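Hi everyone, thanks for coming. Please bring up the sequence and the structure on your screens, and we'll walk through them together.

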Amino acid sequence: MGKKVKKCPRCGFVNDEYAIFCANPECRESLMYVTAVSIEPLPKEEPGGDPPVDPPTPHTAQLECLSQPGFTFEVKDQGIIGRQGDIDVSCLENCDYISRLHARFIYAGGKWYLQNLSDTNKTMVNNFRVPKGSQQVLSDGDRITLANTSFLFKVMKP
């Protein structure tokens, strides 16, 4: 049986199974109603046996800028998009209205999510507004709009 952990629904941080609050100092979300789940350790190599299986390929996606064609950005789990985020969009002409840390991409349970971090500038998925702090499930081909800039979300196969 594997180790039990609680994954924060707000930031995705993996916490101890007995955690009451997220250990991420920038989050501190309550984990009172989050159920701990088991994670399996990687198999150990045994003498004369097969080598261990490589860990799974990280899940990635891409954002193709529709407002300014020719710009594509790689998306990884927990990646933050913004003018100062992991996914830095400051190279785009109309990026002034995109927040410094606008939204977070989360990969959990086999699905991609977009979490809105922006208080002032809109975050939309397929023309539906995502409220601040809320998460929206993403699918391949979804249109994401941050302020006045639109992107096409593309899931990359592992």
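Let's start at isoleucine 81, which stands opposite alanine 103 in β8. Keep in mind that this is a predicted model. The two strands here, β6 and β8, run antiparallel and are joined by two bridges. Isoleucine 81 also has a bridge partner in β7, and that partner is isoleucine 87. With β7, though, the sense is parallel: β6, residues 80-82, pairs with β7 over two bridges. If pairing is new to you, strands of a sheet pair through backbone hydrogen bonds, either parallel or antiparallel.

Now let's follow β8 to its next neighbour. Six bridges join β8 to β9, residues 111-116, and these strands run antiparallel. β8 and β9 form a hairpin with two residues between them. In that turn you'll find glycine 109, with a positive phi of about 60°.

Is β8 mostly covered or mostly open? Mostly covered: of the six residues in β8, numbers 103-108, five are buried.

Let's step back to the whole sheet. It is an open sheet of five strands, in the order β7-β6-β8-β9-β12, with mixed pairing. Which strands stand at the edges? They are β7, at 87-88, and β12, at 135-138. Each has a single partner strand, so one side of each is left without a neighbour in the sheet.

On to the cysteines. A disulfide is a covalent bond between the sulfur atoms of two cysteines. How many disulfides does the model have? The count comes to zero. Take cysteine 91: its closest cysteine sulfur belongs to cysteine 95 and is 7.7 Å away. The cut-off is within 2.5 Å, so that sulfur is too far for a bond. Cysteine 91 is partly exposed, at 42% relative accessibility. Cysteine 22, on the other hand, is buried, with a relative accessible area of 0%.

Last stop: the largest pocket, with a volume of about 240 Å³. It is lined by 13 residues, and the closest to its centre are Arg10, Glu26, Arg104, Gln115 and Leu117. What classes of residue make up the lining? There are five nonpolar, four polar and four charged residues.

Definitions and conventions
Residues numbered from 1 in each chain as written. Predicted model: local features only at pLDDT ≥ 70, side-chain atom pairs only at ≥ 80, totals over all residues. Heavy atoms only, no water. Pairing = 2+ DSSP bridges. Helix = DSSP H or I, 4+ residues; strand = E, 2+ residues; numbered from the N terminus. 1 Å grid on protein atoms, 1.4 Å probe; cavity = no way out; pocket = protein on both sides within 12 Å on 5 of 7 lines; lining within 4 Å. Points joined across faces, edges and corners; volume = space filled by probe spheres on them. Nonpolar A, V, L, I, M, F, W, Y, C, P; charged D, E, K, R; others polar. Buried < 20%, exposed > 50% of the residue type's maximum accessible area, 1.4 Å probe, protein only.
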